[in-house]
Structures are given as C-alpha cells and as structure tokens.
Amino acid sequence: MLKNKERFEKNTAKVYIQTFGCQMNEYDSERILYFLGKEGYVRTFNIEKSDIIVFNTCSVREKPVNKLYGHIGRLKKLKKLNPQLLICVGGCTAQNLKDKILKDLPYVDIVFGTHNISELPELIKRRRLTNNSVCLVRESGFDYDLEKVKRDIKFKAYVPIIIGCNNYCSYCIVPYVRGRERSILPTNIIECIKKLVAGGVLEITLLGQNVNSYGKDLHEPMSFSSLLDKVSHIEGLKRIRFMTSHPKDFSEEIINVIKKRENVANHIHLPLQSGSEKILGLMNRKYTAYEFLKIIDFARKELPDCLITTDIIVGFPGEDRNDFLETLNIMREVRFSRAFTFIYSPRKGTKAYSMADSITMQEKKEWFRELVEVQNKISYEENKKLVGKKFEVLVEGKSKKDEGILMGRLENSTLVNFKGNEDSTGKILQVNITKAKSFYLLGDLCAT
Ligand code: SAH
Ligand code: SF4
Ligand code: F3S
C-alpha cells in the first residue's frame, strides 16, 4: 500500500471532509471535492486513513464553532502519528475567525475563506513546501461556477442562485462571512439544471440566503418568481424546492407560481424569528408580525395544502416574557408544520452583540423548552392530517435506524419511512401514509 507521502506525490491523497451549517455549506463542500478531485485526490469516509482533512465550518451560532474546536482538538493525536496529515479549515468560521484559529490551533495547516474555495489545491501545494501553516481569506470575491461541483448523489441536487446577503439582521453573522448578494446568471442556472436532469436528477433545491432578492443586481434584472417559473418549464424536472425566503420581500407571484406549476413543491420556508413587533424591529427584520400573517393568509387561501415551516430565535436581547408569549401566540395561530428553533447566540461583530440582555440563560432555556413543546404538538397534529392519504415519495435510501426500512421525502420535504427494496433509491414511488410522528411519517408502499 502507498504511504501518505507517496500518495501526495502521485496525487492520490485521500480527503476526508466534514460539513457544518446550512445547505449552502453542503454545496460548497461539493465544490471543495470538485477542486480536490481535479488534482486526483480521492474522497474517503474514514478520517483515520485520510491524508487531508477538511472542515467546512459554520459560524452562525456558538455551538458549531465549539464543536469545530472539539473535533480539531481530537485530531492532535492523529497529527502526531502522521505529521504529513494536512488539516484544513474553510467556511464561515475560517472567514470570521482566521487569526483565532491560527493562534488557538497550531496544528491546523491551512485556513481558507468562503471566497477562495477554488484556490485550496494551490494552498495544499504551498503548505507542502513550507514548515508553516498557510492562510488565505479574501475579504470578498466570487468563485462560483455551476459546472465545478462534484456530486455524489445522482437523483437530487442543490443549485445556488444567489450568494451572500444584504439584510443585516442584527443578530446574524452571515452577511459578514458570505459578503454582498450576487445573483448567478439565469442562463447559467437553466443550463446547469438541464444537464442535471439529463443526468437523472429528479429534484433540485434552489439555494440562497434570501432567494426573493434574486436578480436585483443583474445587468438585466429578473425576479425570483420568473426564474422559478422558467426553471419549472425544464422538461423532466419532477420537483423544485427553494430556500430561504425572507418575509420582507416575499411576493404573491411566488405563490402563484407554486399554484400554477405542478413541479414546484407545495412548501414555503418563511422564517418568522419572533412574533413581537418590538423584537422584530430590534432584529432589523423589516417586516411586522401583521405583515407576516398577511402573507400566511394569502398562502393558505391560494394553497390550502401548502406546508409552511419557519425559524424562531428565543431570548433575543431585550425580549421579555410578553414578547416571548407573542411568539407563542403566532405559532399557535399559524400552526407551522415544522419550526427550527434556536436560543439567541451572540455573534461578535453584529449589532445585537452590544445590545443589553437582562434575561438569564436559565430563563431562555425554559422559554425554549416551552416553545419546542408547543411546536412538537402542532407538528404532530399537522402530520396526523396526512394519515390515510397517498403521496409521491422520492426514495433517498435505507433508514439510518432500521436496515429493512426505506427513507424518502414528500415533495414538501417531510420524511417518510416505509418497508421497501433498496433498489428503489432515487425513484419516486406512491406511498400511503399510515402513521404520524412529530418529525416524520410512516407509510406503506402502494401496490402498482
Ligand atoms: N438566510 C436565512 C437563514 C440564515 S441562518 C434566513 O434569513 O432565514 C438560519 C437561522 O439561524 C436563522 O433563520 C435564524 O433563525 C438562526 N440564527 C441566525 N443567527 C442566529 C444567532 N445569532 N443566534 C441564534 N440563531 C440564529
Ligand atoms: Fe442572516 Fe437575515 Fe441574511 Fe438571513 S436574511 S442570512 S438571517 S442577515
Ligand atoms: Fe453557517 Fe455560513 Fe451557512 S454561518 S448557516 S454555514 S452561511
């Protein structure tokens, strides 16, 4: 067997990659694998046998940052056993905290930012020629090319349409680590999706921090709803999903496209964050709770079966019990099918970081627990409404818990487990829903 050094020399080094954070980061990991694959490097899922370890990091809350430190801390031993091993840290924490990483974690070899993924192979070569770690974190840039990505899954794909964010919600680090909004040309998006579909992809997810801002910066401006409509006319494309939508510029046209076009998923992910007008103002969300409810009313009227999901932050600076209760009230009124709930995490460099915060962590945790309890019950009741109905399920593979069970998703991304044959992976099958849980459904394959 070749030794680590020889594998580098023969350009067959093994790459282990771990991704934290959002779908955009998952997509970026596919780009990292593309650029490393072009050098000849091969992916491995065994960290102990790898020559290059890449952490594609997230900085949105403290927790993923701490996790990263934990993971890298544990690699010290591996690095001692194999001094040729290269540890690379990329993504949003690298962009945000490069100096801290280099100072705290001296056995990290390479730090690279969100704007210079395509330069990673060059950095690896540079690192192998010196005794010091190398760091390249550009302030801004744009190295997205929809052709340059290595996808392992053949039946579904992420396609970014807009990178960065201009919204500056006061709690959020994303605009600082991803830069200003830049839309990808519609012709490139359409071409890319056509190729994916020709290669067997059935479902695509259009990605952006705020997809509704799509096209405003283009030489020939174009709205997100018209892009969505165009994409939906690509022959053979079975399912189109998109995320995330910002309520401040969510348009009725988007709802009209979902209604009109069969292959656009009946799902809207619309982060509310808080139900209190005061807190929404402090968060700089630029919409009121009233405006949010108006969008939901319109969506429910036009799309009675549409699944609506959201994100909520608990314990924002200045939030008191009454503000929190207003959030709970809206949750009960809207009845989101799912909610991604977070305790506010102060991020250095954001506006909210310096806002006075008098609520204790213990209290925040208590509110959080209350919120999760209310939401779980609603999620369960909403899922129960689907029992007895028949849906198309895109099969994603075996269930993690039970070998004999397959896992798939409805078009609105609800998880379904059912008995079936693994050969069905990547196919769309008809499934009868037999039982509901808070987070997923159980079903039986329909006889064909
Ligand atoms: N662009 C998307 C998602 C951004 S991050 C949007 O605007 O919705 C995903 C979610 O993380 C956010 O919706 C928010 O609920 C949460 N989040 C972001 N910053 C946070 C912070 N500092 N503390 C806790 N949750 C945060
Ligand atoms: Fe962050 Fe707000 Fe931008 Fe979403 S819209 S990425 S929450 S700043
Ligand atoms: Fe995290 Fe960066 Fe995404 S901070 S949520 S990985 S854009």
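Modeller: The following account begins with the pocket and then turns to the cavity and to a ligand. The model is a predicted one. The second largest pocket has a volume of about 810 Å³. Its lining comprises 28 residues, and those closest to its centre are Asn 266, Asp 305, Phe 391, Glu 411 and Asn 412. Several elements take part in this lining: helix H10 (252-260), helix H12 (289-302), helix H14 (361-384) and strand S15 (390-398) each contribute at least two residues. The second largest pocket lies between domain 2 (156-384) and domain 3 (390-445), because both domains give residues to its lining. By class, the lining of this pocket consists of 13 charged, 10 nonpolar and 5 polar residues.

The largest cavity has a volume of about 50 Å³. Thr 114, His 115, Gly 141, Phe 142, Asp 143, Tyr 144, Ile 163, Arg 178 and Arg 182 line the largest cavity. That lining divides into 3 nonpolar, 3 polar and 3 charged residues.

There remains the shell of a ligand. Around ligand 2 stand Cys 165, Asn 167, Tyr 168, Cys 169, Tyr 171, Cys 172, Val 174, Pro 175, Gln 209, His 246 and Arg 285. Of the residues in this shell, 7 are nonpolar, 3 are polar and 1 is charged.

Note on methods
Residues numbered from 1 in each chain as written. Chains lettered and ligands numbered in written order. Predicted model: local features only at pLDDT ≥ 70, side-chain atom pairs only at ≥ 80, totals over all residues. Heavy atoms only, no water. Near = heavy atom within 4 Å. Nonpolar A, V, L, I, M, F, W, Y, C, P; charged D, E, K, R; others polar. 1 Å grid on protein atoms, 1.4 Å probe; cavity = no way out; pocket = protein on both sides within 12 Å on 5 of 7 lines; lining within 4 Å. Points joined across faces, edges and corners; volume = space filled by probe spheres on them. Helix = DSSP H or I, 4+ residues; strand = E, 2+ residues; numbered from the N terminus. Domains from an automatic or database assignment.
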